[in-house]
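Here is a short briefing to read alongside the model. Please keep the viewer open as you go through the points.

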Amino acid sequence: MSRPGFAMSIVTGIALVVSLLPATGHCQTPPATTAPPPAAAAQPDPNAAFLAKASSLYYSTTKQGLTGFDCTVHPDWANIFKTVEKKSTATPTDQAADEKNIALLNSVKITLHARLTGPGSGLDWTPGTMAPQDADSVEMLDHEHEATGKTLQGFLQFWIPFVNGSVIPETSAGIDVEKMQGAKIAFNPTYKPTPNGLLVSGFAARIQPPGATLEQQQKIDVGVEYQTVSGFLIPRTLTMAVVGTGTFSFKFDGCTVNPPAQ
């Protein structure tokens, strides 16, 4: 059988590519024989004011005081297997094997530790009381463990800049940009209104690896629904549709916010 986790790892390492050109100016030093004019009062940077106004329109976890959250994660394993494996061609034997693997995966407790203000995000994968029966099952669990961790880490990598406000810098000097090696990346985000500003609710990501043609670009459509925990908005569901591969859905519950520093 095919391994759905392989498709999930496609989104690993997605980097948000944003660039703002710094404002430039030119001033000429007056001749030495000319007395310098009185120092002019400092003028506000119009670009910074514009950026501040733009930033104020959007929900910001930083402004709200949200630094991180922990949630139990429930992947929709049945739908993942169904959309990846094209069940119309599956045999009864394949379906029975899938049902066994799905039950095994559903017994695993998965906990996401999301950290919004620095490194430290991670995933706990705790096997349940249902033990794998053979080497294939052990391999399948290890593969899905790695793929799930990479998928959720990849999601956080491009979701966090849109919710913590860093996608819009404070000054016209711009921001540091992380670029993938030769890849072309385009994001088309959508937003939903909230009392505290526009909150990103989805992305259409188009990723063209080095050497790939436009027709070979990877297309990923992401949707996020939110829940309120202790006054903060955090993901409740995540759906990632990898065009031509499958749909990967996750639910988050049992969440706590702003965990203490370790």
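A residue counts as buried under 20% relative accessible area, as exposed over 50%, and as partly exposed in between (1.4 Å probe, protein chains only). By that rule Phe203 is buried, with a relative accessible area of 4%. This is a predicted model, in which local features need pLDDT of at least 70 and side-chain atom pairs count only at pLDDT 80 or more, while totals for chains, interfaces and linings use all residues. Residues are numbered from 1 along each chain as its sequence is written, and side-chain values use heavy atoms, with hydrogens and water left out.

**Aromatic pairs**

- Rings of Phe, Tyr and Trp (its six-membered ring) pair if their centres lie within 6.5 Å; planes under 30 degrees apart are stacked, over 60 edge-to-face, and the rest tilted.
- The count by this rule comes to eight aromatic pairs.
- Phe158 and Phe187 form a tilted pair, because their ring centres are 5.3 Å apart and their planes meet at 40°.
- Phe158 lies in helix H6 (residues 135-164) and Phe187 in strand E4 (residues 184-194), so this pair ties together parts that are 29 residues apart in sequence; helices (H or I, at least four residues) and strands (E, at least two) are DSSP runs, numbered from the N terminus.
- Both Phe158 and Phe187 are buried.
- Phe162 and Phe203 are tilted too, with ring centres 5.2 Å apart and planes at 55°.
- That pair links distant parts of the chain, Phe162 being in helix H6 and Phe203 in strand E5 (residues 197-208), 41 residues apart.
- Phe162 is buried, at a relative accessible area of 10%.
- Ring pairs join Phe69, Phe155, Phe158, Trp159, Phe162, Phe187 and Phe203 into a cluster.

**Nonpolar core**

- A nonpolar core is a set of buried Ala, Val, Leu, Ile, Met, Phe, Trp, Tyr and Cys residues joined through side-chain atoms within 4.5 Å.
- The largest one has 51 residues, and Phe69, Trp159, Val222, Leu238 and Phe252 have the most contacts inside it.
- Helix H6 gives the most to this core, with ten residues.
- Beyond its neighbours within four places in sequence, Leu238 is in contact (heavy atoms within 4.5 Å) with residues including Leu152, Phe155, Val222 and Phe252.

**Two further residues**

- Leu105, found in helix H5 (residues 92-106), is buried at 1% relative accessibility.
- Ser230 sits in the loop between strand E6 (218-229) and strand E7 (232-242).
- Ser230 has a positive phi of about 50° although it is not a glycine, and it is exposed, with a relative accessible area of 62%.
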